[in-house]
Structures are given as structure tokens and as C-alpha cells.
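Dear colleague,

I am handing over the structure below, and after it I set out what was found. Please read the notes with the coordinates open beside them.

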Amino acid sequence: MTEKKTTNIILFSGDYDKAMAAYIIANGAAAYDHEVTIFHTFWGLNALRKDEHIPVKKGFMEKMFGKMMPRGSDKMGLSSMNFAGFGPKMIKGVMKKHNVMPLPQLIEMAQEQDIKLVACTMTMDLLGLQKEELLDNIEYAGVAAYLADAEDGNVNLFI
Amino acid sequence: MNADKMLDAKGLACPIPIVKTKKAMDGLESGQVLEIHATDKGAKNDLAAWAKSGGHELLKSEEENDVLKFWIKKG
């Protein structure tokens with residue numbers, strides 16, 4: 001058996017549509033038998049947030065960030081035509097009509113397919129996000145871990 | 001054409017058909033044939049590329065009333 005190919009995606013964006021693209025590619029790559037890693041940094045971390053409020057100890061700025069950022073993938077806005085939250089409602093309706101899987105389910109499917117979801121710990125500190133607030137069964141790492149995966153990678157994307 | 005397993009992916013959008021095809025294929029032995037029905041217009045190129053990359057053989061594909069049918073032999 002030859003060594004598995006790898007797909008490495010950096011999800012920097014906190015936009016619903018961009019995160020969807022990242023997770024669709026990731027799930028497709030897993031179906032291609034690649035070892036897949038999605039490295040979440042900056043606003044992309046919000047895709048990993050649990051949708052309920054988790055009581056953790058935070059400073060003032062961290063609390064503010066926590067309130068201003070979307071709590072979980074389903075609450076993320078669109079990169080274009082967001083219209084103060086009306087855009088996502090519209091697109092979710094159209095997605096349902098066309099049987100397109102919504103982002104939270106794409107993330108679930110990614111976990112079922114053993115896609116490695118990684119949270120960047122440096123940006124978690126910046127945005128005041130703590131492990132308890134993020135999904136279970138994810139990994140925590142920094143730039144070196146990403147590079148170790150990516151340097152021999154076959155597909156490398158920054159979204 | 002005879003198939004060992006049948007996958008109904010009609011009405012499903014990208015990337016579900018390919019993910020389901022992979023799962024169904026994992027359950028087959030080498031040489032067995034999987035039949036797939038899909039309605040996603042991209043499925044034709046997607047499944048052909050997927051089969052080639054995975055070392056499988058796309059035996060036949062046809063279109064019938066907007067349903068795309070594929071037979072893939074596991075490599």
C-alpha cells in the first residue's frame with residue numbers, strides 16, 4: 001500500500017460560505033482517501049465554537065470578543081450579501097431546496113470521516129476562546145504542527 | 001449490468017454522492033461492482049475522476065430521465 005496523500009486546509013475566514021467551501025473540499029478529500037487536516041485560525045475558530053454559552057473565567061476584552069463573534073458555525077455570516085443576517089437565512093432556504101448539506105452537518109461529517117480538526121492556540125488566546133468553548137475531539141497546535149503536515153502535502157489551501 | 005451493491009444518491013448535492021460512494025466501496029471486495037444512481041450534474045466528472053484516482057474502473061455510465069447511472073469496479 002502506498003503512503004496516503006494529504007490535504008491541508010487553513011481556515012482563516014469566519015464566513016459561513018467560505019467555511020462551507022473548506023468543509024466541502026475537506027470531505028471530498030477524505031472520500032479520496034487523503035489524510036485531511038483543517039487548521040482553524042483567527043475567525044475560522046468560530047466554526048469550532050459550541051453553540052451554547054459555556055461559563056468560563058474571562059477578562060473584559062475576552063468577554064467582549066466572545067459576545068461579538070458568532071457562537072458556532074450556524075451563526076456565521078456570509079462573505080457577500082450578508083444584509084445584517086438576512087443573507088444567511090436566504091441562502092439556508094435555497095440550500096435546503098437543493099439538498100445541500102448545511103455547515104454544522106458538514107463539520108459533523110468531517111469528524112465522522114476522521115478529518116483532523118485543529119485549533120490554533122495562539123489565536124485562541126488572542127480572541128479569548130478556551131478549550132471548553134470549542135467542539136470535543138479536536139486538536140490544539142501551532143504553526144509548526146501545521147507545517148509538519150503541510151510540507152509533504154499534496155493539496156494545500158488557505159481559505 | 002449486474003452489480004454487487006447499489007447506491008441511491010439521487011437528490012443529493014456535492015460532496016455527499018462522492019462521500020457515500022467511498023463508504024459503499026469500502027464495503028466491497030476487489031473486483032466487485034458498485035452501481036450508483038445520482039442526479040447531481042457534476043457526478044459524471046466527479047465519479048470518473050474519483051474512480052481513476054482510487055485505482056477503480058468506471059465500467060459504464062448512462063443517463064436515463066435525468067438520472068445518471070454508473071457502474072464502478074473496485075480495484
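I begin with strand β3 (residues 116-120) of chain A, where five of the five residues are buried, so that the strand is largely enclosed by the rest of the structure. Please keep in mind throughout that this is a predicted model.

In a regular strand, side chains alternate between the two faces of the sheet. In β3(A), Lys116(A), Val118(A) and Cys120(A) point one way, while Leu117(A) and Ala119(A) point the other way, and all of them are buried.

As for the partners of this strand, β3(A) pairs in the parallel sense with strand β2 (residues 35-40) of chain A, over four bridges, and in that pairing Thr37(A) stands opposite Lys116(A). β3(A) also pairs in the parallel sense with strand β4 (residues 139-141) of chain A, here over three bridges, and Ala119(A) stands opposite Tyr140(A) of β4(A).

The C-alpha trace of chain A spans about 50 × 40 × 25 Å along its principal axes.

Two further values concern the interior and the contacts of chain A. Buried residues make up 35% of its 159 residues, and, of the contacts in chain A with a separation of 6 or more, 74% are accounted for by residues 24 or more positions apart.

In chain B, one residue may be worth a look while you have the model open. Lys22(B) is found in helix α1 (residues 16-26) of chain B, and it counts as partly exposed because it has 18 C-beta neighbours inside 10 Å, whereas a buried residue would need 20 or more. Between Lys22(B) and Phe70(B) there are 48 residues of separation in sequence, and the C-alpha to C-alpha distance in space is 14 Å.

With best regards

How values were computed:
Residues are numbered from 1 along each chain as its sequence is written. Chains are lettered from A and ligands numbered from 1 in the order in which they are written. This is a predicted model: local features need pLDDT of at least 70, side-chain atom pairs count only at pLDDT 80 or more; totals for chains, interfaces and linings use all residues. A residue is buried if 20 or more other C-beta atoms lie within 10 Å of its own, exposed if 12 or fewer, and partly exposed in between; C-beta atoms are placed from the backbone. Helices (H or I, at least four residues) and strands (E, at least two) are DSSP runs, numbered from the N terminus. Two strands pair if DSSP finds at least two bridges between them. Two residues are in contact if their C-beta atoms, placed from the backbone, lie within 7 Å.
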